[in-house]
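Open the model in a viewer and keep the selection panel at hand. The stops below say what to select next and what is there.

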Amino acid sequence: MRALLRREWLALKHDNWQLALVSYVPLLGFMLLWWLFSAALPRGLPVAVVDQDHSSISRMLGRTINASPVNQVIDYPNQTEAIAAMRRGEVYALVTLPVNLRRDLLLGKQPQIDVRYNGQFLLVGKLLSAQISLSLADGLHQLARVNLLSHGVPSKLVAAHMQPVTTQTTALFNVNNNYVGFLVPPILVALWQLIAMLTFANAMNRELTPGHWQQAYQQGWFKLIGAKALFYGPILLVHGQFVLALVYGYLGLPAEQLVWLLPLQLLTLLAVWLWVVLIFFLLRDSARVISFCTALFAPAFAFMGITFPTANMPLLAQWWRELMPSSHYIEAHVSLVSYGNVGLMWQHGLAMLGFLLLLLPTLALAYWHRPKADKVEALS
Amino acid sequence: MSYWRWMLTDIVTLARDRAIALTLFGGVLFYAVLYPLPYIHDVATEQSVAVVDLDNSSLSRQMIRYADASPQVKIVARAGSVDEARAMIDQNQAKGLLVIPANFRHDLLRGQQVTLSFAGDASYFLIYSAIVQGLTTAGLDVGSQLQLQGLLANGTLPAAAARQVAPVALNDVAVFNQGLGYPAYVIPGLFLLILHQTLFIGMGILGAGQWRQTGYWQQFSPLTTVCLRMASFSVIYAFLSAFYIGWCYYYYDVGRQASLGQVLLLMLPFLLATAAAGMAFSTLFVRRELPTQVMLLSSMPILFVAGFVWPLSIIPAPLVWLSQLVPAVPGMMAMLQLNQMGASWSQVLPLWLQLWGLCGLYLLLAVWGVHRRRQALAAQLAEDSEKH
């Protein structure tokens, strides 16, 4: 075994790409993706306001929209220019305060305020829609308050008159809707899974030369693959733990009992590698093994169920999702980090043992492609 | 060998190369189905919510019915206390909770303000926003009905009462992607990125396999070779793009506001710039399994830096500058503005010119790269012949 590990080490030393893949490439990738989302809370998003009324009320509403940290009001003289800016993606929402807004309000007619938000940039659009509604409601409440007081409603009852039912909303497990806490862990896990897949596929591909192929059968694939797993396992676990240290340690996102994620990451690695070994025996060509593994693992992030809920996926997508080790890992991860539920975590984590079933076709393929006796003689 | 003959040889070579064919044809077709697959139901609906009803009155039951009637919320359980509901969330049996406080009806009838509390699992933002939106709407409805009843009881006329409840009508509408569907949000940009990445991979594998051997790639000058290979890939990608931007956009009902002519005019520099960049990229490799790996790792950063997932204004500026060198980034933005958001041609002109600029830049780099590969091969051959 020691000789096999030494062999892996020598091979790694002479392969610049593989060396990069287990050292700085993942670190660079993790830091880059985190940096990209490091703003964490979208703020100062440009909103076009077209004030056609130019009254004290319309100006006040413009100010209340601007007062929200999420919105950044940009005034446009007319709708044509504002719409053009919308289409260019320079502003993400457009609020039109209509002519006679103040007059209609005073007369008790119901004026209409138009809000258009960019649904193409879904995340920003939804956020702005909610924020603009809140800001406008807040501004209008002030008006209604004055109105009610002037009609002789006692000040104590004004609030109940305006809004008999108020609501209090709590974002569980991510109190301030921090996008780093929401998006970065699953993205980094997806990247980590890709790195794990690539390093192992590269390590396996080295056995593809005719000489190595035959030697591997003499030595026994179990020992050989075991040595690779033993060699690359700790390296990748270090990267996996680095992700956790970055996100939950350095950035201080709330998390509970992170120790348990180590065995979970180990299970994920094993599941990914079982896939790689199966594809390796299926295709037996380095470029094709990589292409196929890439095709399989590249969309893993979409199937995690973090961005789009699993329950709303079609059945076929839910099945495909079960084939991805990362979707099991992330569910276990959320069970632990958010819910602090170790039992549920193990339930999701141990489901990954199902990937052991991949061994059956792998063994069959390995047996099928064994060097035939006559060929061996011809070579020797 | 004529130019046409060369291109034909090139296309046949790459079609016969199973690693390239797997990525170019298999990958593009496979991803056309697989990537949109989780999203085809468009929006998140029927999120499970547990109710803590501490009031047990007619009004609290009405509130629960209203919440359950919302398309975004499904009441799955009743809990005796907040702790019990919280335990359900920890067990993943519910994604949110609604608390109706004790004396809900009593206080409302007495004219006191009451507060409904709700919470959602913010580990999943789409679930959270669906729950909050559904419950807020239900709460507002219950509130405004009470207000209306109160006003009517005080003798206000029905028409005036309705206006008093809502003094301003808020007409809040999403544009460009009216249904706020996930496929329409992700697909336009993502599909261009898939074309971009697979083209890079195809060129990379083809080049990496050839640079160390003599072959048809040496027949013409580096400039001609680069142009011819760009042409042969552009021909293949004209078909693949037509499939993605024509058929798939239509099938998945993505916004299609630009005219055919405009889309073609945009795709021309996009494909040429991508092909030129892919050619320059391919000269960096001599191992056939590497280009796929590099492009795979770069995919997620390119997608997220493009500006439609995460707003450009809050992405660190150095990353944005750097990303402008990737043809996919101006390509995706121009396509979104032109085709999905209906911008006029003059508005996307800067991005279009940027694509041509990138095309020129990478063409030069590609020619230089091929030139160097040729020198390296000549040196290697000379060395080999000396040995013999």
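Start with the salt bridges between chain A and chain B of this predicted model: the count is one. To see that salt bridge, select B:Arg287 and A:Asp15, whose closest N and O atoms are 3.0 Å apart. Over all chains, the structure holds 13 salt bridges.

Next, show the polar contacts across the interface of chain A and chain B, where 42 residue pairs qualify, both residues of each pair being at pLDDT 80 or more.

Which three residues supply more of the area that chain A buries against chain B than any other three? Pick A:Leu36, A:Arg87 and A:Gln120, which together supply 9% of that area. Between chain A and chain B, the buried area is about 9,500 Å², and carbon and sulfur atoms give 65% of this.

Move on to the strands that pair across the two chains. Select strand β5 of chain A (residues 165–172) together with strand β4 of chain B (residues 114–121). The two strands run parallel and are joined by eight bridges. For one position in this pairing, pick A:Ala171, which stands opposite B:Gly120 in β4 of chain B.

Return to chain A and select A:Arg206 with A:Glu8, a salt bridge with its closest N and O atoms 2.9 Å apart. A:Arg206 lies in the loop between α9 and α10 (210–219) of chain A, while A:Glu8 is in helix α1 (residues 2–13) of chain A, so this pair ties together parts that are 198 residues apart in sequence.

In chain A, domain 1 takes 2–37 + 178–379 and domain 2 takes 45–162. In chain B, domain 1 covers 3–39 + 181–387, and domain 2 covers 47–165. For chain B, the C-alpha centres of domain 1 and domain 2 are separated by 51 Å.

Technical notes. Residues numbered from 1 in each chain as written. Chains lettered and ligands numbered in written order. Predicted model: local features only at pLDDT ≥ 70, side-chain atom pairs only at ≥ 80, totals over all residues. Heavy atoms only, no water. Buried area = accessible area lost by both parts, 1.4 Å probe. Salt bridge = Lys/Arg side-chain N within 4 Å of Asp/Glu carboxyl O. Polar contact = N/O pair within 3.5 Å; in protein donor to acceptor, adjacent residues only side chain to side chain. Pairing = 2+ DSSP bridges. Helix = DSSP H or I, 4+ residues; strand = E, 2+ residues; numbered from the N terminus. Domains from an automatic or database assignment.
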